[in-house]
Amino acid sequence: MNCPVCGGDCIEDAPTLLARLPHTFAPCPDCMGLTYDKRAPPPDLSPAEPCPSCARRFIDEVFAQIYRVMAAEGDLAGTEPLGAAGTPLVHPGFAMRSAPYLPPSSLVLLSRSVGERTAARLVAEVPEVRGVVRAGAGTPGVRDTDAEPNVHALLAGCDVRADVFSTRQGPIVIYKQQSVLHVEFPRDRDEKILSLERRIREQRPRTFVDACCGAGTLGLAAARAGVPRVIANDAWYAAAYWTACNLRVNREFLGIGEVTMHRSCDDLRRRPVARDPVPVATASGAQEIEVYQGDLRLLPAVLPPEIDLAALDLFEKADAGKIEEITRAWRARVGGAIFIP
Ligand SMILES: [Zn+2]
Ligand SMILES: [Zn+2]
């Protein structure tokens with residue numbers, strides 16, 4: 001599957017990615033790295049080169065080089081702490097015991113201060129950097145189908161990366177384009193996944209709907225837990241696209257055959273926020289999984305009868321009145337149990 005952002009081979013299937021996971025960020029015997037204080041500017045040493053034996057480099061050294069390029073280009077004054085350079089999003093992200101030694105092309109930099117010239121230099125000069133994203137004001141995605149979506153800006157390279165989440169049945173791999181989907185930090189215990197699994201154990205649903213699916217984590221977790229029919233939906237094109245992609249990536253862990261994609265990423269991007277649900281991908285076999293792009297308030301029109309459990313992971317958690325209104329409407333039109341992660 002070619003990467004829809006850069007056309008390269010950024011996307012691996014889950015078994016391939018997981019097989020290399022244990023060694024991905026581990027230093028070899030020749031690796032050396034200094035730990036820097038993130039609350040102070042980096043010391044005035046020239047940053048270490050990547051390890052001559054394994055090509056990895058300690059994350060703090062990589063960040064020190066990023067900081068220096070940003071300071072040279074005027075994005076930073078040089079007095080800010082090292083942490084001000086931005087947020088490191090490693091690829092693949094997973095719950096780590098210690099700070100990583102980064103192999104080439106394993107870091108997406110998310111930064112409020114980075115400029116376009118710097119971004120091009122970082123991708124060209126810092127081998128570990130695969131993409132540079134300038135953070136916008138809000139969390140990427142769509143708050144409401146009437147509102148303008150928020151996005152960050154991909155300035156250089158490719159910002160497609162994966163996170164690995166643990167489930168009771170084993171890991172799932174969730175790819176996303178980072179400038180258009182929100183950041184998730186995988187931990188040893190993911191509370192949303194754990195509480196969904198508890199609900200599934202108690203209730204044994206035959207059908208599960210993930211109505212605001214994001215990159216597909218909960219829908220995939222439900223499928224991994226063996227729910228026979230899973231329907232994932234999101235109004236935001238990037239969420240629907242990456243959920244479909246992740247279905248394909250994790251295919252071997254699920255009871256499905258080939259995944260049929262009904263829309264390409266370019267297709268979906270032309271209508272970034274959907275109202276009437278359109279099918280994006282379907283897969284069948286021992287399990288049946290569908291992905292839609294649409295407004296969850298219009299989703300009942302395409303749902304099969306008897307939905308046992310639905311997750312309504314609404315973007316705007318602060319608006320209690322709106323959550324109440326949406327859950328009331330869902331109960332009236334769809335029924336079944338509702339799970340608010
Ligand atoms: Zn790519
Ligand atoms: Zn090494």
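I began with glutamate 306, which lies in the loop between strand S13 (288–293) and strand S14 (309–311). The model I am reading is predicted. Glutamate 306 is not a glycine, yet its phi is positive, about 60°. I counted 12 C-beta neighbours inside 10 Å of glutamate 306, so it is exposed, because the cut-off for exposed is 12 or fewer.

Next I looked up alanine 55, in the loop between helix H1 (14–24) and strand S1 (57–58). Alanine 55 also has a positive phi, near 70°, and is a residue other than glycine. Is alanine 55 buried, exposed or partly exposed? It has 16 C-beta neighbours inside 10 Å and therefore counts as partly exposed.

I then checked a peptide bond. The one from histidine 91 to proline 92 is cis, and its omega is near -5°. Proline 92 sits in the loop between strand S2 (87–90) and strand S3 (101–102).

Helix H8 runs over residues 320–333, which is 14 residues. From first C-alpha to last, H8 reaches 20 Å, close to the 20 Å expected at 1.5 Å a residue. Just after H8 comes glycine 335, with a positive phi of about 80°.

Last, I took the chain as a whole. I noted eight helices and 15 strands. The C-alpha trace spans about 65 × 40 × 35 Å along its principal axes. The radius of gyration is 21 Å, which agrees with a compact globule, because 341 residues would give a value near 20 Å. Of the 341 residues, 45% are buried. Among contacts with a separation of 6 or more, 67% join residues 24 or more positions apart.

Notes: Residues numbered from 1 in each chain as written. Chains lettered and ligands numbered in written order. Predicted model: local features only at pLDDT ≥ 70, side-chain atom pairs only at ≥ 80, totals over all residues. Helix = DSSP H or I, 4+ residues; strand = E, 2+ residues; numbered from the N terminus. Expected span 1.5 Å × (residues − 1). Rg over C-alpha atoms; globule rule 2.2 N^0.38 Å. Buried ≥ 20, exposed ≤ 12 C-beta atoms within 10 Å, placed from the backbone. Contact = placed C-beta atoms within 7 Å.
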